[in-house]
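Open the model in your viewer and keep the selection tool at hand, for this tour goes from one selection to the next. At each stop you will read what to select and what is there.

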Amino acid sequence: MSLPFLLEIGTEEIPDWMIPGALESLHGQLEGLGIAARMVATPRRLTARAEGLPERLPDTEERVTGPRRTAPEKAVEGFARKQGVAPAELSIEGEYYTHLRKTAGRRMIEVLADSLPGIILKIAFPKTMYWTGKTGPRFIRPIRWIVALLGADVIPFELAGVQSGNETSGHRRLGSAHIPVTIGNYEQTLRDNFVILSATERRKKIEDGIAALSVRLKPDPPLLETLVYLTEYPTPIVGEFDPKFLKLPKEVLITVMRHHQKYFSVEDESGRLAPQFVAVMNTDADHEGLVRQGNERVLHARFNDARFFWQTDQRKKLADRVDDLANVTFQAELGSYLQKTRRVADLVQDLGGNEHARRAACLAKCDLTTELVKEFTELQGVVGGLYAKAQGEPEEVWRAIREQYKPENMEDSIPGTRAGQLVSLADRFDTLRGCFRIGLVPSGSRDPLGLRRAAQGAVRILVEGKLSRQSVKLLTDIVHTQLKEFLEDRVKFYFRDVRGFAYDEVNAAMASGWSDLPDLEARLLRLREIRPTPNFEPLAASFKRIKNILRQAEFSGEPFNPALLEPGPEHELFAEINRTAGQPIEDRIGALRPKVDLFFDKVLVNAPDPAVRANRLAMLHNLLEQFRTFADFSEIVTNS
Amino acid sequence: MQSFQEIIFKLKAYWAQRGCIIQEPYDVEVGAGTMCPETFLRVLGPKPYRVAYVQPSRRPADGRYGENPNRLYKHSQLQVILKPSPDDAIEQYLGSLEAVGIDLTQHDIKFEEDNWEAPTLGAWGVGWQVMLDGLEITQFTYFQQCGGIDLDVVPAELTYGLERLAAFLQVKDSVYDIEWAPGFTYGDVRLQDELQFSVYNFEMAEVETLWKLFALYEGEAARLLALYPKSSQEATQKARFPLLPAYDQVLKCSNLFNTLDSRGAISVTERVGVIQRVRKLAVGVAHAWADQQGAAQ
């Protein structure tokens with residue numbers, strides 16, 4: 001007989017962003033019990049359901065070996081007693097008494113009762129708490145009820161003082177508590193109590209609800225996901241705000257709505273911000289419009305604050321705030337933002353930044369002292385750019401300030417202006433150098449200062465901004481070995497994982513240097529083109545062979561003397577090397593490959609005459625050298 | 001319409017019915033209700049405790065000269081400590097909202113993750129900000145650590161922002177328009193405080209004097225802590241040892257730090273160090289207090 005299974009862990013509100021991970025973790029652990037569960041959750045419950053569980057695990061048999069046939073009777077009796085059988089029931093296998101011990105498979109309900117408490121407590125959360133006392137269990141939030149059913153039976157266990165049972169809880173205000181359920185009516189019972197169990201269905205309810213409001217939303221999938229896991233019975237409503245606030249920059253308005261209030265912003269037909277918003281309630285309806293009014297008033301107050309900050313901030317120009325940066329800590333050991341600003345401005349100058357880039361570098365961090373950024377930290381840079389524009393700074397300056405934190409992630413674009421690129425680069429390198437100098441080095445998953453992201457952004461700016469000279473300057477100046485290795489890793493990561501070059505191509509091209517990243521990119525692109533051509537891999541294999549030969553021979557740079565060459569394949573190779581010297585490698589590969597093959601086929605490098613031998617090594621060495629500025633082909637993994 | 005004080009009366013009555021001692025505000029300046037001994041010290045150790053009090057909370061840097069309708073130098077928190085936290089802590093909390101006339105079937109309530117941390121107190125907990133129709137009205141925290149000590153028993157801490165709650169209930173756009181008592185607005189009662197303390201904190205506080213005071217209070221707290229009996233033989237001396245006065249000195253330091261900070265007088269290099277100095281004292285008092293309570297049992 002096969003049985004359905006239901007586990008619902010009822011909790012206080014779990015942070016929305018942790019829920020999908022928790023479900024995955026629980027799913028994985030149930031798989032360990034052979035249960036392929038379907039997972040679903042709301043903020044107050046993590047639920048696993050499955051069908052077809054056996055009532056019992058299969059019976060098992062084990063042959064237990066006892067005393068030798070020749071053992072005294074007492075020993076045999078003792079063994080039989082221990083196995084719970086009469087001595088006559090023992091069998092003899094070879095020289096020994098044995099017993100075939102049969103164990104009936106355990107009942108599934110017992111297996112689950114034993115393992116579920118441990119499984120639940122092992123669900124991985126980024127942060128946990130205790131609530132029953134210092135030695136009590138840890139979970140993301142207090143567990144308040146547990147439904148655990150196998151077929152019609154409760155799987156009995158206790159966890160954190162909660163006894164498992166068959167009673168669930170509905171929506172906090174609209175539903176009942178302590179509602180008995182069966183596996184069959186569980187989801188419908190929840191629905192009757194204003195809990196939509198399925199995240200997919202909640203998402204659809206939000207989307208359909210918004211569609212019915214006939215407003216145009218700015219699409220915001222992450223916000224939608226947050227709201228799906230912040231509600232058990234989501235219902236969107238539309239609210240309005242005073243159009244006078246549209247005079248504030250839309251970035252500020254959107255940030256207030258999205259980050260502080262979790263509202264969707266609304267667009268008019270031309271794509272401009274409309275004086276409306278969509279909030280998603282965790283309830284069925286706003287019968288008297290109180291929720292809408294409440295949200296409108298909150299937003300009004302928030303916008304008023306923002307306007308107040310904006311106006312206050314205008315009293316002191318960004319340019320007059322530079323000295324105030326002395327009071328803003330960058331990092332305890334690395335000093336203030338004023339010191340950082342000076343270093344970054346100097347670096348921008350060293351990188352060839354023009355007057356606008358230098359000006360942007362000087363003003364870049366000044367918005368950290370403004371009320372608006374203190375209130376909306378996520379708007380740093382953007383606010384600086386807006387203020388600089390309002391205060392009459394040239395476009396290249398305000399755009400550079402505004403874009404200084406770009407790219408913020410892998411999907412984001414790099415700063416659009418040269419000045420912005422240089423400021424962003426200088427800022428990032430200043431942070432990296434400083435942090436590595438004082439030992440703040442990322443390790444494993446620990447990277448609290450986001451140095452990997454900073455470095456990744458710098459690599460992208462250098463490559464995508466085609467900043468060869470700056471790249472060479474920044475990457476050859478590095479004295480710190482750990483930082484050099486860290487950046488090397490970031491460059492590899494960028495070209496392999498972001499750009500999709502094969503790892504051996506990246507190794508080969510980087511072996512020829514990686515301080516000029518735009519040049520590295522160009523070489524990789526060419527290498528990618530050459531690689532599938534028929535002569536390439538055989539030649540690469542030969543290069544690997546040459547490298548090995550040179551290493552084994554401990555070649556130490558003896559001069560090459562053409563006069564010592566023998567006619568035939570050796571001379572032909574030399575002639576071909578000479579003939580093609582200076583040509584693009586794309587052309588040389590096809591020409592050289594047959595000559596190299598022939599050479600290895602017919603010529604013995606390890607000639608008896610030491611002078612001839614050394615000369616052959618020197619010629620091969622020169623050949624490798626001619627390709628060295630492009631890539632080290634011996635790094636290419638070939639099939640041969 | 002319920003006045004500001006009626007809302008407070010109702011909340012106090014509600015929590016009194018649920019076994020809370022109703023305390024008066026602590027009479028030393030604090031930045032938050034959590035810092036009062038009734039919370040900071042009482043959450044330590046295994047003894048159950050339930051208390052509720054309104055605490056004027058001073059945040060010098062938040063002062064706006066009485067010009068901003070939502071920002072205050074000194075706002076009022078209703079602080080509730082339920083130790084240990086009951087299983088139905090959230091339900092009890094929701095009941096308190098109904099007690100002040102909020103019909104929860106007509107409103108939207110959400111519990112959004114918000115973990116609380118006070119580095120100067122060595123204290124943190126996990127919990128939520130409670131959103132009522134998009135307005136944050138309460139911070140709900142399960143304390144985990146205080147004074148650097150893992151708590152034996154986990155208390156639930158509810159911190160209501162009373163001005164916000166009153167503005168919501170009275171439908172006022174400015175805190176200054178809240179009716180405090182019939183015939184008196186919040187502005188009548190508090191506007192002078194806001195203006196004068198903003199002027200003092202931002203413009204006129206004498207930095208040198210504040211630093212001197214800081215050093216004096218710090219010295220006194222440190223002196224006392226150094227005298228706390230270490231040996232378990234000295235049970236009587238321990239029991240009468242003045243840790244509560246020592247903690248008052250720490251609170252003074254904390255408020256002076258906040259004032260110096262709003263005055264723009266704390267440089268980068270100093271800032272982290274000063275926080276550490278206050279934290280060291282707070283942690284010292286907490287450890288001694290835990291020891292003192294343990295010795296008394």
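## Domains of chain A

The centres of domain 2 of chain A and domain 3 of chain A, taken over C-alpha atoms, are separated by 77 Å. To find these parts, colour chain A by its domain assignment: domain 1 (2-56 + 108-192), domain 2 (60-103), domain 3 (199-314), domain 4 (334-526) and domain 5 (534-635); such bounds come from an automatic or database domain assignment. Please keep in mind that this is a predicted model, in which local features need pLDDT of at least 70 and side-chain atom pairs count only at pLDDT 80 or more, while totals for chains, interfaces and linings use all residues. Residues are numbered from 1 along each chain as its sequence is written, and chains are lettered from A and ligands numbered from 1 in the order in which they are written.

## A sheet in chain A

Next, show chain A as a cartoon and look for the open sheet of five strands, which pair antiparallel in the order β2-β3-β1-β9-β10. Helices (H or I, at least four residues) and strands (E, at least two) are DSSP runs, numbered from the N terminus, and two strands pair if DSSP finds at least two bridges between them. At the edges are β2 (38-42) and β10 (153-154) of chain A, each of which pairs on one side only. Select β2(A) together with β3 (residues 45-54) of chain A, and you have an antiparallel pair with five bridges, in which Val40(A) stands opposite Thr47(A).

## A helix with one buried face

Now select helix α16 (residues 468-476) of chain A. Which of its residues are buried? They are Gln470(A), Ser471(A), Leu474(A) and Leu475(A), where buried means that 20 or more other C-beta atoms lie within 10 Å of the residue's own, exposed that 12 or fewer do, and partly exposed anything in between, with C-beta atoms placed from the backbone. Seen down the axis of α16(A), the buried residues fall within an arc of 110°, so they line one face of the helix; the arc is that of the directions from the helix axis to the C-beta atoms. On the other side of α16(A), Arg469(A) and Thr476(A) are exposed.

## Where chain B touches chain A

Turn to the two chains together: 33 residues of chain B are in contact with 36 residues of chain A, contact being counted if the C-beta atoms of two residues, placed from the backbone, lie within 7 Å. On the chain B side, β4 (109-113), β6 (123-132), β7 (135-146) and α9 (268-296) each give two or more residues, and the largest share, four residues, comes from β4(B).

Finally, select β7(B), a mostly covered strand in which nine of the twelve residues are buried. It runs antiparallel to β6(B), joined by nine bridges, and Met131(B) has Glu136(B) as its bridge partner. The hairpin of β6(B) and β7(B) has two residues between the strands, and Asp133(B) takes a positive phi near 50° there. β7(B) is also joined by five antiparallel bridges to β9 (residues 156-161) of chain B, where Thr159(B) is the bridge partner of Gln139(B). With β8 (residues 149-150) of chain B, β7(B) pairs in the antiparallel sense over two bridges, and Gln145(B) stands opposite Asp150(B). End at the hairpin of β7(B) and β8(B), where two residues lie between the strands and Gly147(B) in the turn has a positive phi of about 60°.
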